[in-house]
Amino acid sequence: MDLQKNKTIVFENIRLATKTANRPENSVSVIAVTKYVDSAVAGQLIDTGVEHIAENRVDKFLDKYEALKDKPVTWHLIGTLQRRKVKEVINLVDYFHALDSVRLASEIEKRADHPVKCFLQVNISEEESKHGFKVSEIEEAIDEIGKMEKIQLVGLMTMAPADASQESIAAIFQEANQLRKNLQSKKRKNMPFTELSMGMSRDYQIAIQEGSTFVRIGTSFFH
């Protein structure tokens, strides 16, 4: 596993995808998902120049954070967060990508000591196995979340089904971006909706084409 080589390849592929999409250079942030590796390897990856690190489980996040908190890195929690775990982690994360219920937002509001940058998780494809709001549920949800002071809705997060065709993936990502634009245009307090968290190792190039600003890459760094 050559981390420097893998990092160079991933960043070059993302630079090319951004250029192909006629988007400004550096308009896409690359998040390295380090759930596959230990803190030492994650630290080595940060040393290659990776600036964003993500975990999808609270225990793994806390392990990595404790080991690597002195490194210059932005911390992302991208997985489902149980309400009982909120108090352990919410004040350490820079971005939380999986806000999937009003009840979870209420718990964050109670436990956070500062405004937390959150992505509203949207289940565009309405897969039974996926968390997130249905599109039809969003208006009611953000009316409730809008009453809270500690939740800053910076954007939307979504995932395409693992077995989806490229056309289906593009359509899902396109719908997410249109929804984000609609929400951004309403200019609600604490809801800038400027960001889109979508795209993983298998589909980040499509995501960039459709407007993603944060891509979550795991396996392409660690093989």
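I shall speak about the strands, one histidine, the aromatic pairs and the nonpolar core.

The model is a predicted one, in which local features need pLDDT of at least 70 and side-chain atom pairs count only at pLDDT 80 or more, while totals for chains, interfaces and linings use all residues. Residues are numbered from 1 along each chain as its sequence is written, and side-chain values use heavy atoms, with hydrogens and water left out.

Let me begin with the strands. Helices (H or I, at least four residues) and strands (E, at least two) are DSSP runs, numbered from the N terminus. Strand E1, residues 29–33, pairs with E2 in the parallel sense over three bridges; two strands pair if DSSP finds at least two bridges between them. Ile31 has His52 as its bridge partner in E2. E2 and E3 also run parallel, joined by four bridges. Between them the chain passes through helix H3, residues 58–68, in a right-handed β-α-β crossover. Right-handed means that, with the strands pointing away from the viewer, the path from the first strand over the helix to the second runs clockwise.

I turn now to the histidine. Is His76 buried or exposed? His76 is buried, with a relative accessible area of 0%; buried means under 20% relative accessible area, exposed over 50%, and partly exposed in between, with a 1.4 Å probe and protein chains only. His76 belongs to strand E3, residues 74–77. Its side chain makes a polar contact of 2.9 Å with the side chain of His52, and another of 2.8 Å with that of His97. A polar contact is a pair of N or O atoms within 3.5 Å; within protein, one must be able to donate a hydrogen and the other to accept it, and residues adjacent in sequence count only if both atoms are side-chain atoms.

Next come the aromatic rings. The structure holds seven aromatic pairs, where rings of Phe, Tyr and Trp (its six-membered ring) pair if their centres lie within 6.5 Å; planes under 30 degrees apart count as stacked, over 60 as edge-to-face and the rest as tilted. Phe61 and Trp75 have ring centres 5.5 Å apart and planes at 70°, so this pair is edge-to-face. Both Phe61 and Trp75 are buried.

Finally, the largest nonpolar core has 76 residues. Such a core is a set of buried Ala, Val, Leu, Ile, Met, Phe, Trp, Tyr and Cys residues joined through side-chain atoms within 4.5 Å. Helix H7, residues 166–185, gives the most to this core, with seven residues.
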